[in-house]
Amino acid sequence: MKSPYIRELQASQTVLGTFLVSYKDIRQKKGGEPVLHLTLADRTGDLDARMFDNAAEVLDTFERDDFVRVKGLLQVFHNRPQLTIHKILPVPESEVDTSDFFPVSKRDRDEMFRELQSWIAGMTNPHLKALLEAIFADESIAAPFRSAPAAKTVHHNWIGGLIEHVLSMCHLARFTAAHYPDIDFDLLLAGVILHDLGKIRELSFTRSIAYTTEGQLIGHIVIGIGMIEDKLRRIPDFPARLRELLVHMILSHHGELEFGSPKIPVFPEALLLHYIDNLDSKMECMRSLLEKDRTVEGEWTAYNSALERSALKKSRFLEPEEPAVKSEVPASPKPHPEPTSAFAAKLSHALQREPG
Ligand SMILES: [Fe+2]
Ligand SMILES: [Fe+2]
């Protein structure tokens with residue numbers, strides 16, 4: 001087990017540890033010498049880091065997604081920890097346990113897959129059940145579905161995050177369908193299980209999570225519908241109108257045109273699917289924001305662009321430390337990095353607003 005983990009680091013501490021480089025940028029001081037801007041990560045979180053001195057000597061010794069051993073001083077800058085690096089050396093992958101660096105689901109992935117199969121086994125609509133069984137009998141789908149994250153950054157962004165998100169939504173579907181008796185539970189459940197199927201090809205997740213080229217060009221909604229249509233072609237008696245309902249649910253699950261759905265939900269199961277997805281992704285996003293926040297003082301987290309707010313740290317608010325820290329909601333939240341083109345700006349906006 002590696003030591004220290006990012007979550008354990010304290011301000012004003014000399015740090016000697018091994019981390020994953022999840023972001024690397026080279027900027028310049030006024031005199032022209034380079035400054036390294038890094039984000040260092042492990043499975044417990046990430047950390048801003050800068051190397052102000054002698055950066056030229058190490059610039060080309062590692063890249064993003066490499067492992068590095070660093071020595072530096074952890075300081076507080078703008079109410080957040082920042083590591084000033086004094087020494088940095090690349091570390092071969094053979095010398096680290098990669099599971100220390102990439103966040104994974106706390107739940108066992110095979111156990112989650114068995115739970116998914118039990119939800120499918122409980123379905124009574126023979127057509128939807130046959131479709132779902134055909135999809136998850138295909139190992140080229142089932143294997144990545146066990147491991148895929150649900151998103152790059154916004155929510156459930158860890159290995160196994162997609163299936164965890166889907167199972168959480170299965171429970172929400174059961175609660176809400178019990179409350180609204182006209183809901184066709186099997187149709188809702190099929191939509192829940194399949195809504196983000198295309199994420200297994202939209203995202204790459206062998207190392208850090210990134211968008212694939214197919215993901216950038218086509219996106220998970222259209223990719224997922226293609227995968228479903230492929231299986232439907234091999235189920236000849238699948239009712240044509242049921243197919244249209246299911247396809248509409250996948251198409252409309254982001255709820256609004258500006259969030260990437262080409263259609264808005266137009267029947268109850270589609271509308272409920274959208275709200276269940278939105279609820280589960282937003283609640284996880286806020287849980288993770290509070291868990292990972294690194295602000296040193298005050299009762300507010302850093303600004304979160306996906307939720308478009310800072311979150312209140314309720315325990316600090318109810319029991320302020322002595323002397324009481326008077327804090328304010330950040331007046332001008334730090335914007336996310338500036339997109340480099342009009343297309344990048346639109347894409348960035350769509351990804352950040354994507355509900356799930
Ligand atoms: Fe989605
Ligand atoms: Fe989702």
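**A walk through a predicted fold**

His 156 lies in the loop between α3 (139–147) and α4 (161–179), where helices (H or I, at least four residues) and strands (E, at least two) are DSSP runs numbered from the N terminus. The model is predicted, so that local features need pLDDT of at least 70 and side-chain atom pairs count only at pLDDT 80 or more, while totals for chains, interfaces and linings use all residues. Residues are numbered from 1 along each chain as its sequence is written, and chains are lettered from A and ligands numbered from 1 in the order in which they are written.

His 156 has a positive phi of about 45°, although this residue is not a glycine. Is His 156 buried or exposed? His 156 is buried, because 25 other C-beta atoms lie within 10 Å; a residue is called buried at 20 or more such atoms, exposed at 12 or fewer, and partly exposed in between, with C-beta atoms placed from the backbone. Ser 12, in the segment before β1, also has a positive phi, near 65°, and is likewise a residue other than glycine. Ser 12, however, is exposed, because it has 9 other C-beta atoms within 10 Å.

An automatic or database domain assignment divides the protein chain into domain 1 (6–100) and domain 2 (109–285), and the C-alpha centres of domain 1 and domain 2 lie 37 Å apart. Along its principal axes, the C-alpha trace of the protein chain spans about 70 × 45 × 45 Å, and buried residues make up 29% of the 356 residues.

The strands can be followed next. In the order β1-β2-β3-β5-β4, 5 strands close into a barrel whose pairing is mixed; two strands pair if DSSP finds at least two bridges between them. Strand β1 (residues 14–28) is joined by 8 bridges to strand β2 (residues 34–42), and β1 and β2 run antiparallel. Between β1 and β2, which form a hairpin, there are 5 residues, and Gly 32 in the turn has a positive phi of about 100°.

Residues of α4 that are buried include Leu 162, Ile 163, Val 166, Met 169 and Ala 173. The buried residues of α4 pack against α1 (109–121), α3, α5 (185–194), α6 (199–202) and α10 (268–292), where contact requires C-beta atoms, placed from the backbone, within 7 Å.

The helix α10 can be read in a similar way: its 25 residues should span 36 Å at 1.5 Å a residue, and the end C-alpha atoms of α10 are 36 Å apart, which agrees. Among the buried residues of α10 are Leu 272, Leu 273, Ile 276, Cys 285 and Leu 289, and the buried residues of α10 pack against α4, α5 and α9 (240–252). Over the protein chain, residues 24 or more positions apart account for 59% of the contacts with a separation of 6 or more.

Key
Two residues are in contact if their C-beta atoms, placed from the backbone, lie within 7 Å. The expected span of a helix is 1.5 Å times one less than its number of residues.
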